[in-house]
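User: Hi! I am new to reading protein models. Could you walk me through a few features, one at a time?

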Amino acid sequence: MNIITARIPPRSIQNSLTFLQKISAYALGLSTEKDLPGLAITGLEEGYDSVSLRILAGLNSTDSPFNLNDYFTSSLNELQIIMPEGKEALIEVVAFYARAIVEKTTDTYTAFGKLIDIINKTPYHCADIGLLHCYADYISIWEEKMGGLDFHTKEGITSEKYIEKTEESIRQQLIKWLAA
């Protein structure tokens, strides 16, 4: 492997980004050097193997950040993995939450909120990665939950039905986004 392109399904929603997704999260600054030993362990569990990756997996999160980063960089070189940048890295991390929403392993509204929090930590916006319509649906759910705008009345359904329908719309849009 030399370029991160695959959107690998996560094992579960709790702390289970894949190795490549964890690399992307690190590239975005969403994790730090102290997270690199865990990243390396994930890589080994997924079948990646190199001398530096094994060493990194055996190090402690309290070891020198310079050593941790050196072994991480060496691991990428040995595995011929190019660390993604910018939008590519963001899409890899967002795919984790998108897949969890689509597979209904987490609450749509809560997970999309986490997804927005991640996007907001970058210079990008939902529109930059093709999720503007999902974001608009998320905001309409927020309005319903907070008692703001009254979207459900216009459609002649209860607030709960409107939220359910809008969450399904988000899931359907994410299915298309993941397939793209």
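User: Which residue lies over the face of Tyr109, and at what distance from the ring centre?

Analyst: Good place to start! A charge sits over a ring if NZ of Lys or CZ of Arg is within 6 Å of the ring centre and within 35 degrees of the ring normal. Here Lys145 lies over the face of Tyr109, 4.8 Å from the ring centre. Keep in mind that this is a predicted model, where local features need pLDDT of at least 70 and side-chain atom pairs count only at pLDDT 80 or more, while totals for chains, interfaces and linings use all residues. Residues are numbered from 1 along each chain as its sequence is written, and side-chain values use heavy atoms, with hydrogens and water left out.

User: How many aromatic pairs are found in the whole structure?

Analyst: A pair of aromatic rings is described by the distance of the centres and the angle of the planes. Rings of Phe, Tyr and Trp (its six-membered ring) pair if their centres lie within 6.5 Å; planes under 30 degrees apart count as stacked, over 60 as edge-to-face and the rest as tilted. The search finds five such pairs. One of them joins Phe19 and Tyr48, tilted, with 4.7 Å between centres and 45 degrees between planes. This pair links distant parts of the chain, with Phe19 in helix H1 and Tyr48 in the loop between H2 and H3, 29 residues apart. Helices are DSSP runs (H or I, at least four residues), numbered from the N terminus.

User: Are Phe19 and Tyr48 buried or exposed?

Analyst: Buried means under 20% relative accessible area, exposed over 50%, and partly exposed in between (1.4 Å probe, protein chains only). Phe19 has 1%, so Phe19 is buried; Tyr48, at 13%, counts as buried too. Now look at Phe112 and Tyr138: their ring centres are 5.5 Å apart and their planes at 40 degrees, so this pair is also tilted. Phe112 belongs to helix H6 (residues 108–120) and Tyr138 to helix H7 (residues 132–146), 26 residues apart. Ring pairs also join Tyr109, Phe112 and Tyr138 into a cluster.

User: How many disulfides are there?

Analyst: A disulfide is a covalent bond between the sulfur atoms of two cysteines. The rule asks for a pair of cysteine sulfur atoms within 2.5 Å, and the count is zero. Cys126 is in no disulfide, as the nearest cysteine sulfur, that of Cys134, is 8.1 Å away. Cys126 is buried, with a relative accessible area of 8%, and Cys134 is buried at 2%.

Technical notes: Helix = DSSP H or I, 4+ residues; strand = E, 2+ residues; numbered from the N terminus.
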